Every structure is written in structure tokens, then in C-alpha cells.
Number of protein chains: 2
Amino acid sequence: MRNVAVLGIGQIKIGEHWERSLREIGGDAALAAMQDAGLEKVDALFVGNMLSPVVSAQNQLGAFFADWIGMWKQEAVKIEAACASGGAAFRSALMAVASGDVESALVLGVEKMTDKAGHDVTAALATAADADYELEQGISFVGINALVMRRYMHEFGWKHEDFAQFSINAHANAMHNPYARLHEKITLEKFEKSSMISTPINLLDASPTGDGAAAMIIVPAEKVARQPRITVAASASATDTIAVHSRKDPMFLQAAYQSSKRAYEMAGLTPADIDFFELHDAFSIMAALSLEASGFAERGQGVRLALDNEIHIQGRVPVCTRGGLKARGHPVGATGVYQLVEIVQQLRGECGKTQVNDAHIGMAQNIGGSGATILTHILRNDV
Amino acid sequence: MRNVAVLGIGQIKIGEHWERSLREIGGDAALAAMQDAGLEKVDALFVGNMLSPVVSAQNQLGAFFADWIGMWKQEAVKIEAACASGGAAFRSALMAVASGDVESALVLGVEKMTDKAGHDVTAALATAADADYELEQGISFVGINALVMRRYMHEFGWKHEDFAQFSINAHANAMHNPYARLHEKITLEKFEKSSMISTPINLLDASPTGDGAAAMIIVPAEKVARQPRITVAASASATDTIAVHSRKDPMFLQAAYQSSKRAYEMAGLTPADIDFFELHDAFSIMAALSLEASGFAERGQGVRLALDNEIHIQGRVPVCTRGGLKARGHPVGATGVYQLVEIVQQLRGECGKTQVNDAHIGMAQNIGGSGATILTHILRNDV
């Protein structure tokens, strides 16, 4: 494999962009990345998106966006792996550049979620679960996560408020991210009093969806003069059963374990080498499970890292340094690209009050469905 | 790039599989390919599919099928490029193996189209067009193709019956393909009397959709002992504007021209070297346009090849040797993989009465939307 580096990044603020269409928000992020990279054209476009066939009656987003941003004649394709679509699009682009067939690739994660009513979007999101064996029972996606969280609390003896620090940390970090959807500090009291969605998951355990788009340009590392040079140290993808009930242990993210293990091997690193971790906190329970399966905490002890303030910017394992899914927002198919863009910002030292000290190695983990598809990427700066 | 070869193929008969689900038809093709390859496991799965989010309320088909066929823990992802999803999935798999990161990949093209009413499927297929600027006018996908065909007939002076040989040839070849949806010889008279769908496209200009699944296993070429060894000589993908009305010349498949040009360069070949051509005859007009843009005929003269019998098995450019989209059937996201599977069958010499003589180099072209995404692949046997 050729060594690959990130040349440019772009993103838009996540929110309810009523006045702008799917093509406009995606185009803006893509062009911002091109501008940041100083490129006027790229060889290929890889779009990560989950919902556009259902929400926008639009398929073929590869050609759709290539057309909109003037990449006429170039290669373009869409990758879908539910909420892991962004990470999967990045990995597809990486393979194309690493193979030697493509010299520059644009990765675009984009999701327009506000063009349909809330219940329609809830139904669309549920397509990440097993249609025949989960959805047929009438369960929603938050419902599946609620079952896992309840079992975890029972099994390991945690109370609901023990999860609060995941959300408090994410909201605190998002205060300094202009692209974040939520700019609102929260407290333990607020967390405890928040409305219940699906017991035990309340509103402040759950990430807000929204319209969003983030983009990156990757090229062979030897072509990058820009300092610090940010290279892709590892990329790995793994799967688990699509339905949670099929797993021997529904509280262990097997695909996070597999993909992080492969990523550590590929990069020659251990969890102790990771300076910060952009994990997939779609629900607070997922933050705990991600930390455990990726080697940062023992089984059942992911919550302990939050309680001990180890996940803060100055902690042992800073997570959600730009707000995470919880407060930056979770435009599902775009999320994986936001995570990687944020890692680049940290590795460039552009994060101001939420800058991780001596940030040289960052890890992103992007989860599709209830842990069915999980990608782990490690980026590092070469300085 | 590492040299990559095809180790195994599998497919199911295209039809209306009321009694079988999406997972069952895809699983059957995937396992047939594994069996043909003599492998019990592969590193990664690449699924090509267009409609499952809308028709089956199922996303994340990578993990979905990895689970069903027992590829637990392995990488899996879905690629979508409308009716070019199958070819795009093959190219993604190729990049992964060519990069050196993946040692074996399963490509699965799958589409379950009969679980919804016909008008719902028509609406779902229209998501390949531009939702904002084409669909909003109420046009269907066949309507767009009808406009192109009518203009072509006007511009180049062809009559409707001049297109008949494309369909007659496809139906004749499908008689010898047990996996084809239609086993019915047609005549010029039948073609002319067929029901009109959208003037000038009648029922025998149009390919039938259906439930279908086809699969392939690819690995580094040096690992293949099996004879004849079938290698991937070229792979290229290109795009055009998503809406047909945005094109300077709606009768020229710019993306077919670009991707075939790159493919010829990559393989060091010219159109004259191609022994047979599995083109994307979703409508008879597309067969003509594909032949022209890929260098087999002058502008406006693709129809001439059909009239002169040059497209028959013993002709200068045999096309649709297993029935093409017209008679083998067009399960949209699966079609690109069917085309490649059929090329392997020809290169192995397994096609009996429709075997192309001295078949050493086969080309497949898979089209998404009205020519917005087009992939061209060239396979050859090393004997």
C-alpha cells in the first residue's frame, strides 16, 4: 500500500438548514476541502450517505455531487454502511489512492435529514437495523440501544447518572467548535432532569441528528509538502451480526474490538499511544462500549473513565474533543467524516481551548447500526 | 497496483422470487461463488445494491449479508451508483485487493424488486435521475430514455424497427442461459407489434427488471492456479451530469467514452482487440449509444452494427452473449456483477451454443442513471 496523507478538510455547521438543499450543503463542504487543499480538481469522489434515497428521493450521489461541484468526467461513487457511511467512504477512497490507481480523492460525508417529518426520519434511520427480525417487532433504533444500556447497567451495577459525564464533556467541548450543532453547557442536574426517550435513554444521552456535510482530500503522502503532514497510519473495518439479539454478548462491540485490533497492528501502536479518540457516542452507552472494546477500559468499566474525568481534554483518553456526536451533532452518513476532519484539526493544532496537548496520534471510530459495521482509523502527524 | 484475478463466480436465475427474501437470494449467489472459488472464507465483502433502503427498508447491506453468510468479523460495505452499483462494487473490491490491504474479496450484486407494487418500484428507480430537476417535472426513467431515443432517431434518420436486432439478438442468446429471466425467441414482427410504453420505447426495447443476485471472488493473480486464469486487465469509472438536459449532447455517453478510453489505455488495447462486449442495454437506444461512445461505431451508427448482424455471437462485436439486460434481465444493482460473471463464463469457455470463438478479452460496461455513472471493465484469460 502507498502511504496516504490528508491534504485538505472542509465542513459546514450542523443544524436545520431549511433554506439549503442536499446538493448545496454537500457542495459547500466539498469545495471548502478543495480550497483548503489548494486543488482545483481531483481524480475521484467518494460520498458517504445513508438516507438520501428515502429522505430526498435521490440516489447515485457520486455522480450527483461530481456534477454539482464541476467534477465532470471524473470517477464518483457512494458508499453506505448506515451511520458508518462516512468512515466507510474514507476507507474506500484510501484503498483507491493506496492502490496507485487514483492520485487524489475527495471524501464527502453528507446528510440532509430535515426535509421529512420526524417520524419519517425515525423510520428511515431504523433501516440500519434488521428489517425482518428487529423492525418487524416495531422497535426503533433508540429502543434497541435502550435495551443494551439497561442490560449494561444491570450487569455492571451502574446508575443512569454515572453516564452523565460523557454528555457533559461533549457539550463542554462543543462550546469551542463553531461547526457544532449545540452550543449549550449542561450540568449533572440538567442531565438527570432531561426528558426520557426510551428508558433508560433520555434526551441528554442521545445525540441530535441534523443536516451536515464534511469533506477531506487525500493524496499519496510523498506529494504533500504542507506541514504538519497528516498521514493515515491505519484503517480497518469489521462487522458483527446485524441484529443485536443474535450476539452472544450484546454488550460487547465485537466489530470495534476487531477493527481497533487490526488498526493497532497496522500502525504498530497500542491504546496507550493514542493521544485522543473521536468515538461514536450516538448514545452515551455507545461511548462506554467503544472505550471498552477498543482497549481503553476493562469490560463494564468504560463509564469509570468518564466518572474519573479521564475523557476530558487534559485526561488520559480525551474523547469527543470537538463535541462528539452528542453536541457537535450526528448527521448520520456524514458523521464519520466529521470525526476524521476533527482529528486533522487537532493534529494541526487548530483547536484553541480544546486543543489536546502534544496531539500526534488521533483515532476515530465510526459505528453503523447497533455495532454491525465499525471502522477504526488512526491518523498521525509526521512532525 | 497488484494484478488481480477472478477465482470464483455464482449467480441465481433472475425472476420473481416471491417465496424468497433479499437475504436469501443474495446469500445463495454469494455462497455459490465461494464454492466455485473453493474458499471457505474471504477478507472482505462489497455489495452492490440500489433499491433496498426503499423497497426492503433495509440499509447496511454489507453487514447484513456478511452476517447471513457467516462472514462474522470481516469487513463489509455497500456501494451504490444506481444501475451501475454492481460494477462500482466490483471496482471497490478491486481497489482493496490491488492496494495490498485485502487478500480476498467477495463482490455481491443483489436486488429484490418484487416486494413492492410496480408503481412504487418505478418511483424507486426514478431516484437514479435528478430529484430536483427531472423528477419534479413528473418524468419517469423510461420517459427520459424515450426523449433521448426520439431525438437520436430524428437526428440520424433511423426508424424504430431498426433497433429490433438488439432485442432479437439478446433474446436469442438468452435461450441458452439458464439464469436468464426470459426464454422466448422474438421476431421483427413481434418487436414491431409490442405494446408502447413511452413513445418510441415499446416493451421489447426495454429490459425486464426482476429479483437477482450474482457474485464473484477476486484475489491477487499470483495466488490463482486455476486455468484459464482470468485477470482484470482494466477498470475505469467516469461520470457525466446527473440530468440529461444539462448535457451539451444528450445522445453521446460522455462517461462511456471517458471510462472506455481509460480502460483501453490501462489494458493497452483498442476496440478491435475486444472479443465480446457485455453492454448495458437497459433500453435498445442505450445499446447503440454504448457502442458508439466506446469506439465500436461512428456517431449515429451504433444501430448499423445491429442491422448488419455484427453484434451476433459470430459477428465482429458480439454483445449480450448471455442475453444482456434485455433478456437475461435487469435486477438493477445486480446487473453489473451479472455482466462480469458472464464474461468469466465466456473466458472459461462454458457458454455452449453461445460461446464466442477464441474468447480471450471481454469488456463489460455498466451504466447508472441516464449515463451519469459509467464503469468499464476489461477481463482477459491468460492462456
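The dialogue that follows sets values against definitions.

Tutor: This is a predicted model, in which local features need pLDDT of at least 70 and side-chain atom pairs count only at pLDDT 80 or more, while totals for chains, interfaces and linings use all residues. Residues are numbered from 1 along each chain as its sequence is written, chains are lettered from A, and side-chain values use heavy atoms, without hydrogens and water.

Student: What makes helix 1 of chain B roughly perpendicular to helix 3 of chain B?

Tutor: The axes of helix 1 (residues 22–37) and helix 3 (residues 61–68) of chain B cross at roughly 70° and come within 10 Å. Angles of 65 to 115 degrees count as roughly perpendicular, so the term applies to helix 1 and helix 3 of chain B. The crossing of these two helices is right-handed.

Student: Which residues of helix 1 of chain B meet helix 3 of chain B?

Tutor: With contact meaning heavy atoms within 4.5 Å, B:Leu22, B:Arg23, B:Glu24, B:Gly26 and B:Gly27 meet B:Leu61, B:Phe64, B:Phe65 and B:Trp68 of helix 3. By class, this contact of helix 1 with helix 3 of chain B has five nonpolar, two polar and two charged residues. Gly counts as polar, Leu, Phe and Trp as nonpolar, and Glu and Arg as charged.

Student: Why is helix 13 of chain B called largely enclosed by the rest of the structure?

Tutor: Buried means under 20% relative accessible area, exposed over 50%, and partly exposed in between (1.4 Å probe, protein chains only). In helix 13 of chain B, 14 of the 14 residues are buried, so the helix is largely enclosed. B:Gly349, with a positive phi near 75°, follows helix 13 of chain B.

Student: Is B:Cys320 buried or exposed?

Tutor: B:Cys320 has 2% relative accessibility and therefore counts as buried. Its phi is near 50°, a positive value in a residue other than glycine. Most residues other than glycine have a negative phi.

Student: Is A:Asp358 buried or exposed?

Tutor: A:Asp358 has a relative accessible area of 62%, so this residue is exposed. A:Asp358 lies in the loop between helix 13 (335–348) and strand 10 (361–368) of chain A.

Technical notes:
Axes are lines fitted to C-alpha atoms, for helices over the stretch in contact, and angles run from 0 to 180 degrees between N-to-C directions. Helices (H or I, at least four residues) and strands (E, at least two) are DSSP runs, numbered from the N terminus. Angles under 35 degrees count as roughly parallel, over 145 as roughly antiparallel, 65 to 115 as roughly perpendicular and the rest as oblique. A crossing is left-handed if the near helix is turned anticlockwise from the far one by less than a right angle, and right-handed if clockwise.
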